[in-house]
Amino acid sequence: MGSKRIWISTEPEDPLKDPSSTSCSTLVLPPSFQITCLLSGFCNMVLWVVILMDRFFGRLSRSLRLSSDEIARLRNQDTKNLLRNKKLYLILDLDHTLLNSTPLTHITPEEEHITGRQDAYEGSLFVLEHMHTMTKLRPFVRTFLKKASEIFEMYIYTMGDRSYAHEMAKILDPNREYFDSRVISRDDGTQRNQKGLDVVLGQENCVLILDDTKKAWTKHKDNLILIDRYHFFASSCQQFGLSCKSLSQLEMDESEGGGALATIIGVLKRIHTIFFQELEDELAGRNVTWVLKMLRMEVLEGCKIIFSHVSPPVDYQYLWKTAEQLGVTCVAELDKSVTHVVAMHARTRKSHWAVKENKFLVNPRWIEASFYLWKRQPEESFPVKQEKKPAVRIEG
């Protein structure tokens, strides 16, 4: 009595509305969500009847409803079962995170050396003729998935279409050990050009997301671990407006043991250990985002920085916020407690001050590298460019 009623719909663009009530909302159950709901009891039977009706009759009955309380109960139950097995949820993006794909027609002359040389890439390069696509797995991905599966229940979530998502799942998980049917594509999402946890069976406080695109998760930024993009193909660099050459053009690849995924699996293990062994709250009340935030704050803890003439194409506000997420104290005025000056060139007043006072003088990439690698990077690896111009000091 009085609980909010939710319509069940598999058509995001055609929400079902109850004309007699103003308290109804739509619950979209995409195929991936429906198939992977490990439900029990009467509600399990109801949902499967709904699914079968949609499959065989092409349209859901407008009279079938579930209360929001029941949906919450199902999510709670699934989460409790997972926590009992000491696991959390991990949502994995595909493109530029676990792999890189390109249309065969976009292979450049500089990349033609990879065609016909699949053996040289030790089972990580795939030509999908029926999709007119070439796909390269990111180094360490198979080890990553094996280790992550031991402590997480994993989902694939991509902005690619359903056929692409399932084809990539076959490549990554040929024996269906890791994902089973937990594969979500843009066809399953409830918002255009956005990803959301509403199609994941699990409580948000137990979910981590690994993706290269922050703007895809506007409602779940606290759950997000950003990974540096994997640009194996030239078309990938062009897609993001990069003028640099791709890894395939350079005839090289990420390090297997020292690349992005090898770094991230270490972070995920630390988060899992802290969540289950070090937090004092009741298990059901713990929040994985607290752990994620705490670990981020440790990366550059103790550093106090000031920016000097950081201008486009570098996003000054983004850098400031990123630095604070890493535990940095950012200031606008110089004082003796400043440890780092972040500058784009060495001709500014603050840059000269850093040299004179024996402080660290680094370029903006130092903050970004520390962010993606989850570790304070050697300052000497990020020197500020010394421009060959007359020694004119710039204020700031």
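The structure is a predicted model in which local features need pLDDT of at least 70 and side-chain atom pairs count only at pLDDT 80 or more, while totals for chains, interfaces and linings use all residues. Residues are numbered from 1 along each chain as its sequence is written, and side-chain values use heavy atoms, with hydrogens and water left out.

Helices (H or I, at least four residues) and strands (E, at least two) are DSSP runs, numbered from the N terminus. In strand E8 (residues 152–157), 6 of the 6 residues are buried, so the strand is largely enclosed by the rest of the structure; buried means under 20% relative accessible area, exposed over 50% and partly exposed in between (1.4 Å probe, protein chains only). In a regular strand the side chains alternate between the two faces of the sheet. Phe 152, Met 154 and Ile 156 point one way from E8, and Glu 153, Tyr 155 and Tyr 157 point the other way.

E8 pairs in the parallel sense with strand E4 (residues 88–92) over 5 bridges, where pairing requires at least two bridges found by DSSP between the strands. Phe 152 of E8 is the bridge partner of Leu 88. Strand E9 (residues 183–184) also pairs with E8 in the parallel sense, over 2 bridges.

In helix H10 (residues 349–356), the buried residues are Lys 350, Ser 351, Trp 353 and Ala 354. Seen down the axis of H10, these residues fall within an arc of 160°, so they line one face of the helix; the arc is that of the directions from the helix axis to the C-beta atoms. Exposed Val 355 and Lys 356 lie on the face turned away from the buried side of H10.
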